[in-house]
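Please have the model open as you read.

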Amino acid sequence: MKTAIIGLGKSGIAAGRILRGQGVTDITIFDDREGTSLAEFADGFDVTVISPGIDPKKIPNYPKSFTSEIKLGLDAISPNTRVIAITGTDGKSTVTTLTAQILRGAGYNAIECGNFGYPLADAVLDHGADTIFVLELSSYQLDLLPEKPFFDVACILNIAPDHLDRYGTIENYTASKHRIKNMLKPNGKFFDSAPHIEYSNYPLPGAHNKTNLDFAIELCSSVAILPDNLSPIIANLAGLEHRMEPVPTTDGLYWYNDSKGTTIQAVSNALKSFDSRVILLLGGRDKNLDFTPLVDDINARCDTIVLFGEAADKISGQIKDHVTQPIIITTSLKDAVEKARMAAMSGSHILLSPGCTSWDEFKSFEERGKAFKEYVKNEQV
């Protein structure tokens, strides 16, 4: 079987792994960084696997039919294995990890995977049929799936403007998210809200994280029997790296790494988590988003705004006439950290919540977050 894999990120590598496990040996990789250039792709393969980071419309000689690593993974799952699917603009990774943690705390084998960073195809190969797969799905991944019965339960956490550089309109983006409803098994469950239960010992801050917990518990309850008393499990839940992550230092300042905050709503949620005023680091590569909805949160919770990266001038142009705080424009994240430290006083809270992708300076939000932590720990002004 003659096979092409377009895009050799984590998803493409996992696709190759599952295909080779099925006996496929004739595989050609198309990737501008490694393998054959994407410009050389020509249709005519028996199977073409497209990675979610590749916009199918931009592939030369667009393939008539294609599949994806997610589809290969779903096809390889045993029929009775339970799959939870989670999408939305913000909170996907948090709800995914909370759901898997709660299930494990209740005694089930559960693994978080998908857009979370651990490809589904890898997870299926690494774990048994008794595993509950908690699958985070981006709109890009949903675009590559047919509307077939894959999921036992699915949810859309929320929808806010995002990826408009790819979708053009919020309507197109919304339609992409809503396709998940057509991928439920015959008795599958869908909801876009969850009842609130208050847990005094829940460690994640902010009202948005209470909503995330509500969704996680509802998802777990849909596929498993949970203990009557969840408090011991709730108390031990952990947040995500790069999501409102405190960065310990000895400089008398309080630094927070929210590099995963790549939408307007994510920045707003991060700011609302603070009772004290903060210095906000905002910027990166723009996704054709409007930053003016952040003005009220900035005015209510920020002392200084430090803008960095490709989007710095655009963001400044959108907000400068509506905020009273100083705006500092820099080119790089490293420079932004230095300028934030110079603007801070002892005890200041400094938040990286960029509202943009990392791709102008870094390969991923993870790489950006790790760099931020190194700059914070090592750069002394």
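This is a predicted model: local features need pLDDT of at least 70, side-chain atom pairs count only at pLDDT 80 or more; totals for chains, interfaces and linings use all residues.

Residues are numbered from 1 along each chain as its sequence is written, and side-chain values use heavy atoms, with hydrogens and water left out.

Let us begin with the cores. A nonpolar core is a set of buried Ala, Val, Leu, Ile, Met, Phe, Trp, Tyr and Cys residues joined through side-chain atoms within 4.5 Å; buried means under 20% relative accessible area, exposed over 50%, and partly exposed in between (1.4 Å probe, protein chains only). The largest one has 30 residues, of which Ile84, Ile102, Leu103 and Ile234 touch the most other members. At least two residues of this core come from each of strand 4, helix 3, strand 6 (132-136), strand 7, helix 8 (207-223) and helix 9 (231-235); helices (H or I, at least four residues) and strands (E, at least two) are DSSP runs, numbered from the N terminus. Helix 8 gives the most, seven residues. Another core, of 26 residues, lies apart from this one and has Ile264, Val295, Cys302 and Ile305 among its members.

Now turn to helix 7 (residues 170-178), whose buried residues are Tyr173, Ser176 and Lys177. They sit on the same side of helix 7, because they cover an arc of only 100° around the axis, taken from the directions from the helix axis to the C-beta atoms. Their cover includes strand 4 (83-87), helix 3 (92-105), helix 5 (139-143), strand 7 (151-156) and helix 6 (164-167).

How many aromatic pairs does the structure hold? There are 10, where rings of Phe, Tyr and Trp (its six-membered ring) pair if their centres lie within 6.5 Å, with planes under 30 degrees apart counted as stacked, over 60 as edge-to-face and the rest as tilted. Phe30 belongs to strand 2 (residues 27-30) and Phe41 to the loop between strand 2 and strand 3 (47-50), so the pair ties together parts 11 residues apart in sequence. Phe30 is buried, at 5% relative accessible area, and Phe41 is buried at 0%. Together with Phe45, Phe30 and Phe41 form one aromatic cluster.

Technical notes: Contact means heavy atoms within 4.5 Å.
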